[in-house]
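Me: I am new to protein models and would like to learn how to read one. Please take me through it feature by feature.

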Amino acid sequence: MESTDYLIVGAGVSGLSVANFLPKGADWRCVEQLHEAGGYCRTIKQDGFVWDFSGHFFHFRHPDIEQFLRDRMPSDEVFRVDKSSSILFKGRRVDFPFQKNIHQLPQDDFIECLHDLYFREGDPDTAETFEQMLYAKLGRGITEKFLKPYNEKLYACDLSTLDKDAMGRFFPHADIEDIIRNMRFPDNSSYNAHFTYPKGGAMEYVRALLHDLDDERIAYNERLISVDLQTKTARTTEREIRFKHLVSAVPFPKMLDLCGVEYDEDLYTWNKVLVYNLGFDKKGQTQDHWVYIPERDKVFYRVGFYDNIFQTPRMSLYIEIGLEPNAEVDIEGTLPRVLADLERAGITDGHQLVSHHSIVLDPAYVHVNGPSQADFRVKHAELTAQGVHCIGRYGGWKYCSIEDNILEARALATQFTPASDDI
Ligand SMILES: Cc1cc2nc3c(=O)[nH]c(=O)nc-3n(C[C@H](O)[C@H](O)[C@H](O)COP(=O)(O)OP(=O)(O)OC[C@H]3O[C@@H](n4cnc5c(N)ncnc54)[C@H](O)[C@@H]3O)c2cc1C
């Protein structure tokens with residue numbers, strides 16, 4: 001039987017990052033169920049369009065992580081972009097975030113939002129759910145005109161089932177002072193005010209992570225199918241491998257199944273996102289990189305414009321539709337509805353679709369709530385104690401960015417020492 005010190009499952013950003021930061025000369029193997037690396041950070045090139053698995057925007061907060069990637073890429077490969085994003089509200093464009101730009105709404109909506117903000121009820125500090133936090137912090141108007149319908153479309157769930165901090169640092173908080181000040185002195189800065197985008201798509205960052213790795217150690221088209229925690233043996237579709245440490249980016253509940261750990265399946269919920277990448281014959285609006293769509297009569301919750309990032313002459317969109325995990329997906333059947341909604345939203349105007357592609361991300365957004373996080377922490381610690389380290393957006397069952405994935409992987413890999421191989 002084969003054996004290795006570090007068996008990495010999944011050649012996405014998390015798995016590849018672990019391989020990069022393991023101690024020099026470490027004995028590692030990686031198995032990836034698909035034919036290529038990258039996970040959700042892959043790129044499709046089709047008919048002259050460059051598409052990702054919906055837009056992937058990179059906001060590096062740690063210059064050393066960005067430098068690590070850039071050192072392994074051709075130097076002129078990355079766009080630096082000042083973000084422009086908006087909300088489509090009753091046929092007009094409103095700057096994002098909604099709560100800081102209510103003065104741009106039609107007058108009646110503005111007055112309602114301002115009134116409800118001032119007379120909001122409840123204490124955000126004692127709010128338990130995401131929905132309670134929205135009402136207590138921002139009032140009924142802002143919540144019901146944008147935050148609730150938008151997030152219900154995205155998460156495809158009842159917001160009272162999510163933790164108040166379900167979005168962590170990705171939620172644009174604003175208090176009443178910020179909101180009023182923004183009416184005279186606009187400052188819509190957020191965690192993603194600037195972003196980078198590789199010219200060849202998100203996959204270029206994955207190529208950077210592959211740059212120093214011995215390709216022979218990565219086995220594609222090989223899926224992990226079970227783990228014997230007692231003997232520390234992984235069974236894949238191709239072979240059995242003994243390991244000292246197993247690092248997994250497999251979605252956490254799936255990993256519990258593979259390890260034979262019992263758990264309450266109802267605790268772990270998530271949405272899936274149906275993404276269409278759409279290429280058209282001519283240019284559309286040139287201002288925004290993406291637009292939020294809270295209106296329930298449009299099937300998608302967000303539309304992004306690759307062409308306004310890449311500065312290309314034909315409109316190139318991604319559109320995202322949030323779905324419950326067991327929802328049926330009719331890719332060809334939904335496309336006419338998507339195209340009709342784009343026209344009604346004024347995003348297309350006699351544009352001809354010349355190329356398209358679609359993908360279902362499942363899971364896409366984990367539903368973060370108290371009971372699932374409590375169960376996760378216990379089971380994650382139990383697996384870690386047995387040498388199985390679950391990381392990444394889905395292995396770690398959380399909302400995070402690619403940079404977060406790289407940081408987490410580096411922290412884990414650099415904590416391994418030859419002594420830790422003996423556990
Ligand atoms: C709609 C959407 C938009 C996003 N936008 C952004 C963004 O703008 N900026 C940003 O920074 N992040 C963004 N993200 C997050 C980003 O995609 C993830 O953080 C990142 O791709 C997660 O990498 P990962 O390696 O942890 O997981 P994954 O990318 O899921 O990789 C896991 C890998 O494991 C493999 N695998 C799974 N099971 C097995 C098995 N049993 N055996 C073998 N292999 C297996 C999979 O095939 C996959 O290759 C977005 C995510 C979504 C869903």
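Reply: Happy to! The names follow DSSP runs, numbered from the N terminus: helices are H or I with at least four residues, strands are E with at least two. Residues are counted from 1 along each chain as its sequence is written. Keep in mind that the model is predicted: local features need pLDDT of at least 70, side-chain atom pairs count only at pLDDT 80 or more, and totals for chains, interfaces and linings use all residues.

Me: What kind of peptide bond joins Phe-96 and Pro-97?

Reply: Most peptide bonds are trans, and most residues other than glycine have a negative phi. The bond between Phe-96 and Pro-97 is cis, with omega about 0°. Another cis bond runs from Asp-362 to Pro-363, where omega is near 5°. Pro-363 lies in the loop between β17 and α10 (370-385). As for phi, Asp-47 has a positive value near 50°, and Asp-47 belongs to the loop between β3 and β4.

Me: How do I read a sheet, and in what order do the seven strands stand?

Reply: Strands of a sheet pair through backbone hydrogen bonds, either parallel or antiparallel. Here two strands count as paired if DSSP finds at least two bridges between them. The open sheet runs β7-β6-β14-β15-β16-β13-β17, with mixed pairing. β7 (92-95) and β17 (353-361) are at the edges with a single partner strand each, so one side of each has no neighbour in the sheet. From one strand to the next, the twist averages 25°. For a close look, take β6 (residues 85-89) and β7: they run antiparallel and are joined by four bridges, and Ile-87 is opposite Val-94 in β7.

Me: At what angle do α1 and α12 pack?

Reply: Two packed helices are described by the angle between their axes and the distance between the axes. Axes are lines fitted to C-alpha atoms, for helices over the stretch in contact, and angles run from 0 to 180 degrees between N-to-C directions. Helix α1 (residues 13-21) meets helix α12 (residues 402-415) at about 40°, and their axes are 8 Å apart. The residues that α1 brings include Val-13 and Phe-21, while those of α12 include Ile-402 and Ala-409. Contact means that C-beta atoms, placed from the backbone, lie within 7 Å. This helix contact involves eight nonpolar, four polar and one charged residues. In that count Ala, Val, Leu, Ile, Met, Phe, Trp, Tyr, Cys and Pro are nonpolar, Asp, Glu, Lys and Arg are charged, and the others, Gly among them, are polar.

Me: Into which domains is the protein divided?

Reply: The bounds come from an automatic or database domain assignment. They give domain 1 (2-82 + 197-268 + 367-422), domain 2 (85-122 + 130-141 + 162-184) and domain 3 (272-361). The centres of domain 1 and domain 3, taken over C-alpha atoms, are 29 Å apart. Across their boundary, 13 residues of domain 1 contact 18 residues of domain 3. On the domain 1 side, β4 gives the largest share, three residues.

Me: And where does the ligand lie?

Reply: Domain 1 and domain 3 both give residues to the shell around the ligand, so the ligand lies between them. A residue counts as near if its C-beta atom, placed from the backbone, is within 6 Å. Of the 34 residues around the ligand, Gly-10, Gly-12, Gly-39, Gly-392 and Ser-401 come nearest. Each of α1, α11 (392-395) and α12 supplies at least two shell residues. By class, the shell has 18 nonpolar, 12 polar and four charged residues.

Notes. Two residues are in contact if their C-beta atoms, placed from the backbone, lie within 7 Å.
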